[in-house]
Amino acid sequence: MKRPKQRQRALTAKSADKYDLYQRSVQSPESDIRFLARIYQTARGRPATHFREDFCGTALLTTTWIKRGARYTAEAFDIDPVPLAWGRRHNLAPLGNAAARAYLHQKDVRAPSKSPPDIRCAQNFSYCVFKRRAELMQYFRAAHKDLAGKGMFVIDLHGGPESMKDTEERTKIAGGFTYVWDQHEYWPVTGETKCYIHFRFRDGSEMHRAFTYDWRLWGLAELKDALLEAGFPKVECYWEGTDEDGTGGNGVFRRTRRGENCDSYIAYLVGLK
Ligand SMILES: C[S@@+](CC[C@H](N)C(=O)[O-])C[C@H]1O[C@@H](n2cnc3c(N)ncnc32)[C@H](O)[C@@H]1O
């Protein structure tokens, strides 16, 4: 006999889990990993096997990397034990024995890996916690030194005039909640920005400031210069294409030399060792 379908209880600020909401609204691990694996394969003519995820939070990218198969291993770094524990329980544990191929470090991203990674990445602009250039350089130099011989260091970034605007962007997410990206303040002289993520629910409740970002908004050209100065002999930029109605990104990133002068863009910088 077919069991009656259980009605899913609507999410509210009280019942929801902020890491689950974050992963569902912000991250696209499959396409990110496909992109990283593709650019490594193209540049080096062989697949990358050892992966390192910096500022990993719940280690969702690491989990997705491990799922590629038995030869794939990973390390992930975050200073906060709370998202790490959440990721161990909800992302890695369901993989069973395969989870042993991932090692989660509760450490600063400037700490060395257990073994040199082929690909090392810092996603969702997290390196912007380094507000002073000296700190950013320390991080980039450590990343360069720690990579495998033909390794590749990848960071993403948000740029264009809109990235400096005080604005609130709302996106409805399947499952009954709204993700709110709140660019709360930006100071031109210091380049500092304060952003929040809020989650709003159908019952009118809100998880206010579920996540806070106290950042320096680094520009693309200055990041590129910093990577070159940190020792990467070659730095490439990948630019997102435009969607069909011409209003947003299409999730497809291609190499570019000059980019495109648009109000808001997401790009990747890739430092090749
Ligand atoms: C925006 S979350 C990134 C989550 C996930 N990686 C993503 O792409 O969406 C930033 C994470 O960086 C961590 N973090 C901040 N400073 C750090 C540092 N110096 N070393 C290691 N982790 C750090 C925080 O604890 C937080 O979990």
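Residues are numbered from 1 along each chain as its sequence is written. In this predicted model, local features need pLDDT of at least 70, side-chain atom pairs count only at pLDDT 80 or more, totals for chains, interfaces and linings use all residues, and side-chain values use heavy atoms, with hydrogens and water left out.

**Exercise 1.** Determine which residues touch the most other members of the largest nonpolar core.

*Solution.* Begin with the term: a nonpolar core is a set of buried Ala, Val, Leu, Ile, Met, Phe, Trp, Tyr and Cys residues joined through side-chain atoms within 4.5 Å, where buried means under 20% relative accessible area (1.4 Å probe, protein chains only). Next, examine the 49 residues of the largest core: Tyr127, Phe140, Phe153, Ile155, Phe199, Leu223 and Leu269 touch the most other members. Finally, note a second, separate core of 30 residues, which includes Ile33 and Val270.

**Exercise 2.** State which residues Phe199 touches, not counting residues up to four places away in sequence.

*Solution.* Apply the contact criterion, heavy atoms within 4.5 Å. The partners of Phe199 then include Lys18, Leu21, Tyr22, Phe177, Glu206 and Phe211.

**Exercise 3.** Identify the bridge partner of Thr167 in β7.

*Solution.* First, strands are DSSP runs (E, at least two residues), numbered from the N terminus, and two strands pair if DSSP finds at least two bridges between them. Strand β6 (residues 167–173) is joined to β7 by seven bridges, and the two run antiparallel. Within this pair, Thr167 is partnered by Gln183. Three residues lie between the strands of this hairpin, in which Gly175 takes a positive phi near 110°.

Key: Buried < 20%, exposed > 50% of the residue type's maximum accessible area, 1.4 Å probe, protein only. Helix = DSSP H or I, 4+ residues; strand = E, 2+ residues; numbered from the N terminus.
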